Amino acid sequence: MTDRLLPAGFAELEPFAGTWCLATETERYARRMASSMEEMRTFYDAFFPRLEEAVAHCDTFPLDALPEDARRLLQLVYSLVMVSMSIEIFHQPKAVDAADAEIERVREPVP
Amino acid sequence: MSRLPKPPEGSWTEHYPELGTAPVSYEDSISPEFYELEREAIFRRAWLNVGRVEQLPRKGSYFTKEVRVARTSVVVVRDGGGGVRAFFNVCRHRGNKLVWDEFPGEETSGFCRQFTCKYHGWRYGLDGALNFVQQEGEFFDLDKEDFGLVPVHCEVWAGFIFVNLAREPEQSLHDFLGPMVTALDGYPFDKMTERFYYRAEVGANWKLYMDAFQEFYHAPVLHAKQTPAKFSTAAQQSGFEAPHYQLDGPHRLVSTSGIVAWELASDMRKPMEDITRSGLFGPWDGPELGEMPPGLNPAGCDPWGLDSFQLWPNFVILIWSGGWYLTYQYWPTSYNTHTFEGNLYFVPARNARERVAHEMAAVTFKEYGLQDGNTLEATQMSLESRAVTHFPLNDQEILCRHLHKVAADWVEDYKKNHTEV
């Protein structure tokens with residue numbers, strides 16, 4: 001028995017799993033807004049070099065039959081996409097010149 | 001100095017002389033009186049898209065649509081014969097809203113065998129027939145035949161469900177859409193069933209938000225900070241020109257040439273785009289869709305970017321060269337507010353890599369939308385000051401000019417027909 005959340009080959013990302021394995025865009029966007037740039041930079045720097053491997057790992061299973069740990073890894077990839085907007089482009093959590101504008105994702109594909 | 005060819009008249013705008021070239025007033029976007037006229041003159045006369053057939057997967061599937069500008073709620077349902085029907089969402093007994101969940105103003109969807117009113121339990125079939133009246137014997141000469149749900153005119157084109165709130169629509173849906181739009185017939189909308197659905201409450205008139213998405217002159221400036229500095233600088237220096245604009249009755253389109261993202265220098269792209277092979281324009285490795293309908297890419301651009309079909313009054317179908325499409329709907333809620341809906345549709349991902357590419361496109365779409373939304377609220381506020389009343393529109397803004405003209409024409413036409421009585 002282990003309490004790991006992610007596939008075995010991604011052990012160094014376990015510290016981020018509790019925070020960033022989130023099922024919906026609404027949760028991921030809210031977490032991004034509530035995070036500091038330092039927190040997101042740490043996550044991005046740790047995960048970005050392994051992103052390609054993470055997607056490849058998920059692709060060893062059918063998309064509609066992902067094991068739990070791979071499903072969480074895919075959620076972590078979605079979170080990295082979310083965080084990359086702040087890290088690569090805006091250098092702040094929110095889009096530049098967007099102030100208090102909000103757009104809600106009401107429905108999305110699962111997973 | 002334009003780089004792309006223009007019509008013989010010298011500009012797209014002059015190609016359609018009825019538009020004129022004078023500065024345009026936006027009084028139609030800041031006037032509560034004009035908004036009151038739009039209710040009847042536009043939203044109770046035009047065909048309105050309320051969704052797609054995939055939202056009604058089986059017999060008994062339904063959804064409601066709040067059309068607040070017309071003070072109306074509509075329930076759309078897949079009936080027993082597999083057809084799509086729409087009804088005014090009103091119980092015939094005491095006028096309660098028939099289909100809703102917890103909050104009367106919120107839309108809902110689901111599946112049922114019949115509709116049951118929450119108030120006194122009257123029940124209606126999927127064909128709208130009144131099937132059951134609680135304590136029927138207490139009523140006086142009540143014939144259930146006479147108290148079915150009131151139908152709303154409802155027609156489907158290319159899987160898009162449209163309703164018309166008029167007692168008798170002036171045109172069939174097909175005639176209303178006209179040749180430019182129906183030339184999209186045959187596009188595989190029905191294959192693109194993976195859907196990302198966004199909503200936003202926007203503090204701006206619905207037409208101002210349509211304007212924001214029907215010209216791309218703004219893109220290199222407003223969205224400069226969405227791309228690496230080198231790309232933004234190049235984009236601002238070259239500016240934006242579309243190779244093709246077209247008007248057909250109340251509808252309009254803009255077609256653009258494409259950028260081949262993966263042929264750009266890598267410092268023109270975001271690192272995440274390189275791994276996901278996706279971005280604002282969608283996945284770089286799109287699905288194979290076969291032959292495209294004649295209405296698509298009307299200028300024959302190569303590389304082609306997108307076609308944005310602006311369907312009067314409040315519906316946009318934007319088809320990307322990468323094999324996916326977006327729809328926008330703008331539902332007015334007052335003269336200076338509206339609800340925005342954006343849907344992204346993809347051929348369903350076959351694996352995680354494709355799904356991640358879709359996620360990248362969807363997340364990027366929202367970042368741009370946030371900037372547009374914020375700017376539009378600023379525009380609304382400053383227009384309402386009426387410090388300036390007329391605004392110059394350039395040739396790349398021809399579709400904005402056309403939208404405001406059509407709105408004025410429809411309101412004028414309505415006023416004429418209602419004062420002669």
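Visitor: How many bridges join strand E1 (residues 104-107) of chain A to E12(B)?
Guide: Strands here are DSSP runs marked E of at least two residues, helices are runs marked H or I of at least four residues, and both are numbered from the N terminus. Two strands pair if DSSP finds at least two bridges between them. The pairing of E1(A) with E12(B) is antiparallel, and its bridges number 3.

Visitor: What kind of model is this?
Guide: Residues are numbered from 1 along each chain as its sequence is written, while chains are lettered from A and ligands numbered from 1 in the order in which they are written. Local features need pLDDT of at least 70, side-chain atom pairs count only at pLDDT 80 or more, and totals for chains, interfaces and linings use all residues; this is a predicted model.

Visitor: Which element of chain B gives the largest share of the side that touches chain A?
Guide: Residues are in contact if their C-beta atoms, placed from the backbone, lie within 7 Å. The contact takes 31 residues from chain B and 30 residues from chain A. On the side of chain B, strand E12 (194-202), helix H7 (271-276) and helix H8 (352-384) each supply at least two residues. The largest share, 14 residues, comes from H8(B).

Visitor: How far apart are the C-alpha centres of domain 1 and domain 2 of chain B?
Guide: Chain B is divided into domain 1 (12-30 + 184-419) and domain 2 (45-174), with bounds that come from an automatic or database domain assignment. Their C-alpha centres are separated by 32 Å.

Visitor: Which strand gives the most to the side of domain 1 of chain B that touches domain 2 of chain B?
Guide: In this contact, 13 residues of domain 1 of chain B meet 8 residues of domain 2 of chain B. The greatest contribution to the domain 1 side, 4 residues, is made by strand E17 (residues 324-334) of chain B.

Visitor: Which are the edge strands of the sheet with 7 strands in chain B?
Guide: This open sheet is antiparallel in its pairing and has the order E2-E11-E10-E5-E4-E3-E6. Its edge strands each pair on one side only, and they are strand E2 (48-52) and strand E6 (109-111) of chain B.

Visitor: Which residue takes a positive phi in the hairpin of E10(B) and E11(B)?
Guide: E10(B) and strand E11 (residues 160-164) of chain B run antiparallel and are joined by 5 bridges. Trp157(B) stands opposite Phe160(B) in E11(B). The hairpin has 2 residues between the strands, and a positive phi near 55 degrees is taken by Ala158(B).

Visitor: How are H4(A) and H5(A) set relative to each other?
Guide: The axes of helix H4 (residues 51-58) of chain A and H5(A) come within 9 Å and cross at roughly 140 degrees. Axes are lines fitted to C-alpha atoms, for helices over the stretch in contact, and angles run from 0 to 180 degrees between N-to-C directions. Angles under 35 degrees count as roughly parallel, over 145 as roughly antiparallel, 65 to 115 as roughly perpendicular and the rest as oblique. H4(A) and H5(A) are therefore oblique.

Visitor: How do the residues of the contact of H4(A) with H5(A) divide by class?
Guide: Leu51(A), Ala54(A), Val55(A), His57(A) and Cys58(A) of H4(A) meet Ala70(A), Leu73(A), Leu74(A), Val77(A) and Leu80(A) of H5(A). Ala, Val, Leu, Ile, Met, Phe, Trp, Tyr, Cys and Pro count as nonpolar, Asp, Glu, Lys and Arg as charged, and the others, Gly among them, as polar. The residues of this contact divide into 9 nonpolar, 1 polar and no charged.

Visitor: Is the crossing of H2(A) and H5(A) left-handed or right-handed?
Guide: The axes of helix H2 (residues 25-34) and helix H5 (residues 68-90) of chain A come within 10 Å and cross at roughly 40 degrees. A crossing is left-handed if the near helix is turned anticlockwise from the far one by less than a right angle, and right-handed if clockwise. The crossing of H2(A) and H5(A) is right-handed.

Technical notes:
Two residues are in contact if their C-beta atoms, placed from the backbone, lie within 7 Å.
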